[in-house]
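Welcome! Please take a look at the sequence and the structure below, and then let us walk through a few of the details together.

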Amino acid sequence: MLRWGDSIGMSNVPGIVAGAQPSGCAPMTAAPAQDSQRTQQPIVTGTGIVACKFDGGVVIGADTLGSYGSLARYKDQRRIIQSGPVAMVGAAGDLSDFQKIKNYVEEINMEDRIQDDGNELTPKQLHSYLSRVMYNRRSDVNPLWNEMIVGGFKDGKAFLGAVDLLGTSFEVDLYANSFATHVALPILRRGWKEGMSRAEAEQLVTKCLEVQWYRNTRSSPRVQIAVADAQGIQISEPFELEQKWNFEGFKHTEYHGLRNY
């Protein structure tokens, strides 16, 4: 006869081990505690952002593709956002992390509106804030996998700055990140000049996005152009780039039985 001790399941019968499992049953064990998780690599990503200053403002350009690995999965991921009346942010990298950054930006702008004191976050202040956010996350070994461009126009001055996932930040006159660093930055450096007009800057940025579309399998011909000037922030609706595929260098005749033997 089994008698229950002070603890349920404890046996006082000689020869029966307290807490023993019935024969043939798997031992009961507690589920292991889940380890703290960190993003090891970006999953759904956006490619390079291109930007430059002009006489009286800043232009930023980006496509709208979200790539799931090599799959062109999401066609309408808009990666340029407005922050208040005078600043904007464009981001390459992991799109879910960019959503987190958008939340941070919305929260700090909400705090400004709640104060209702007439002050607003300037482009330079936003750039500094994002660099501290990225450095803090990097120091926690939990980075936000993004490279960002911050642009804006305040008090008659154009501002353009870059921030990466390590918190490195600097101000520039022209910039391209991610894959656009390799294919678009040389075009920007050749084509940009101080005091150029808005139309010239938009044309130059559009040209860079076109070349990136030709050379980068993670890009798209569907793009947006954003401008910050004295009139405020204007972010265009997505539009299709003009394309030309009949360059001689694009013709791989050896794959079509046209090679001369």
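Val 141 lies in the loop between H2 and strand S8 (146-154); helices (H or I, at least four residues) and strands (E, at least two) are DSSP runs, numbered from the N terminus. This is a predicted model, in which local features need pLDDT of at least 70, side-chain atom pairs count only at pLDDT 80 or more, and totals for chains, interfaces and linings use all residues. Residues are numbered from 1 along each chain as its sequence is written, and side-chain values use heavy atoms, with hydrogens and water left out.

Asp 116 sits in the loop between helix H1 (95-115) and helix H2 (123-139). Most residues other than glycine have a negative phi. The table shows two with a positive value, along with their exposure (buried is under 20% relative accessible area, exposed over 50%, partly exposed in between, with a 1.4 Å probe and protein chains only).

| Residue | Phi | Relative accessibility |
|---|---|---|
| Asp 116 | about 50 degrees | 68%, exposed |
| Val 141 | near 55 degrees | 60%, exposed |

Now to strand S12 (residues 222-229), where seven of the eight residues are buried. Which strands does S12 pair with? Two strands pair if DSSP finds at least two bridges between them. Strand S3 (residues 57-63) runs antiparallel to S12, joined by seven bridges, and Gly 57 stands opposite Asp 229. Strand S13 (residues 232-235) is also antiparallel to S12, over four bridges; here Ala 226 has Ile 235 as its bridge partner, and a hairpin links S12 to S13 through two residues. Strand S14 (residues 239-240) pairs with S12 in the antiparallel sense over two bridges, with Arg 222 opposite Glu 240.
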